[in-house]
Each structure stands twice: as structure tokens, then as C-alpha cells.
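Reader: I'd like to go through this fold with you before I do anything else. Can you take my questions one by one?

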Amino acid sequence: MSLSGELIAFIGLALVAIVGGVLLITLTKVVHMVIALVFTFLGIAGIYMLLSAEFVAIVQILIYSGAITIVMLFGIMLTKHQENDAPAKGGWGNFSLLAAIAGFAVAVYLGIYNLDIPVQPTALHEENTKQIGIELFSKYVIPFEVMSVLLLVALVGAIVLAKKDDEEGDRS
């Protein structure tokens, strides 16, 4: 196994995604958790770029890192929640978390280190976005349009519900 630039980039992006995921489940403040989630999404998008799935990477950045994260932040900021600090886990909680992560890493390493996957010629790097567009707007045009109408209905329903809550708050 040689150390190439692509391998170094993969290791770096994988570490960003893993550290973001671990921080997501260990942090106690919700806003900090959302920021850790953004780092996880960006690491995964970088891995998609390394796999020559540019369209999926850009969608990952725009939809997940952008829109979903902003919606989560708005949801956090607009809802009433009580700030209860969780009790600290102490030394054994952190140790068990570290042991679980190390055990998972060892299991993954042992599982894939000697795995022999035969190389097959494929056409991976040839106009991925164009192929997705052709499939989406020819073969799957009806489900695409149904999904857009469903999202529009959900947006209008959310606005109506928010407006109703706002009017009830003004009367009180």
C-alpha cells in the first residue's frame, strides 16, 4: 500500500467526519452539536468528491450542510427549551466511549485489511452530472415533480401552522 495524495486526503476527510460524529454525540450544547454535524457533512462531501461523485458532493454541501443545518438552528432558536446541564459522565464514561471507538476501529481494520476486491474496468469519471440529469428528467420525471409538489405543500403547511401559533400568541 503506497501513500498517495488521494489516500492522505481520504484519511483527513474521514478523520474530520469521524471527529465530527464523535463530537456530535459527546457535546452537551445543541448549537455546538449542529456545528459538529456540519463538519461531519463536509467530511462526507469531500469523500464523495474523492469518489468522483461531484453532483452528490455538491448536493451534500448545499442540502445537508446548508439547508438542513439552518433549519435545525432555526428550530432550536424558535422553540422554547430549558437549559438543563447534563451531569458529567466522569472518567468511566469517557473511558468506555474511547474503548468502544478503539474497538470499532480495530474491527474495521481487521475486517478490510486483507480484503481482496478484484479490479474491474468501469466508466466512473464520464459526465456524472449529465447522466444523473438525463435519468432524472427522462425516466424519473413524474416522481421528481410529485416530490416538488409535496415539498411545496409541506412549506405552505408549515407557514400556516406558524401563522396560527403566532395569532394565538397575540390573543393571549
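Predicted model: local features only at pLDDT ≥ 70, side-chain atom pairs only at ≥ 80, totals over all residues.

Reader: What percentage of the residues count as buried?

Author: The cut-off for buried is a relative accessible area under 20%. The protein chain has 172 residues, and the part of them that counts as buried is 12%.

Reader: And what share of the contacts with a separation of 6 or more comes from residues 24 or more positions apart?

Author: Here we take the contacts in the protein chain with a separation of 6 or more and ask which of them join residues 24 or more positions apart. That share is 57%.

Reader: On to packing. Are α1 and α2 roughly parallel or roughly antiparallel?

Author: Helix α1 covers residues 5–26 and helix α2 covers residues 30–50, and they pack at an angle of about 155° with their axes 7 Å apart. Angles over 145 degrees count as roughly antiparallel. So α1 and α2 are roughly antiparallel.

Reader: Is their crossing left-handed or right-handed, and how do the residues of the contact divide by type?

Author: The crossing of α1 and α2 is left-handed. On the α1 side the contact includes Phe10, Leu13, Gly20 and Gly21, and on the α2 side it includes Met33, Phe39, Gly43 and Ile47. The residues of the contact of α1 with α2 come to 15 nonpolar, five polar and one charged.

Reader: How are α2 and α3 oriented, roughly parallel or roughly antiparallel?

Author: These two pack at an angle of about 175°, and their axes are 8 Å apart. The angle is over the 145-degree cut-off, so α2 is to α3 roughly antiparallel.

Reader: Which residues meet there, and how do they divide by type?

Author: From α2, the residues include Val34, Phe41, Leu42 and Tyr48, while those from α3 include Glu54, Gln60, Tyr64 and Ser65. Sorted by type, the contact of α2 with α3 has 18 nonpolar, three polar and one charged.

Reader: Which residue has a positive phi although it is not a glycine, and what is the value?

Author: The residue sits in the loop between α2 and α3. It is Ser52, which counts as buried because its relative accessibility is 9%. The phi of Ser52 is about 65°.

Reader: How many salt bridges are there, and which side chains meet?

Author: Side chains of opposite charge can pair when their charged atoms come close. The count comes to one salt bridge. Lys130 is partly exposed at 49% relative accessibility, and Glu127 is exposed at 52%. The pair is Lys130 and Glu127, at 4.0 Å from N to O.

Reader: How far apart in space are Val56 and Asn128?

Author: Val56 is found in helix α3 and is partly exposed, with a relative accessible area of 35%. Val56 and Asn128 are 72 residues apart in sequence. From C-alpha to C-alpha, their separation in space is 9.5 Å.

Reader: Last one: how far apart in space are Ile25 and Leu37?

Author: Ile25 belongs to helix α1, and its relative accessible area of 59% makes Ile25 exposed. In sequence, Ile25 and Leu37 are 12 residues apart. Their C-alpha atoms are separated in space by 9.6 Å.

Technical notes
Residues numbered from 1 in each chain as written. Heavy atoms only, no water. Buried < 20%, exposed > 50% of the residue type's maximum accessible area, 1.4 Å probe, protein only. Axes fitted to C-alpha atoms, helices over the stretch in contact; angles between N-to-C directions. Helix = DSSP H or I, 4+ residues; strand = E, 2+ residues; numbered from the N terminus. Parallel < 35°, antiparallel > 145°, perpendicular 65-115°, else oblique. Left-handed = near helix turned anticlockwise from the far one by under 90°. Contact = heavy atoms within 4.5 Å. Nonpolar A, V, L, I, M, F, W, Y, C, P; charged D, E, K, R; others polar.
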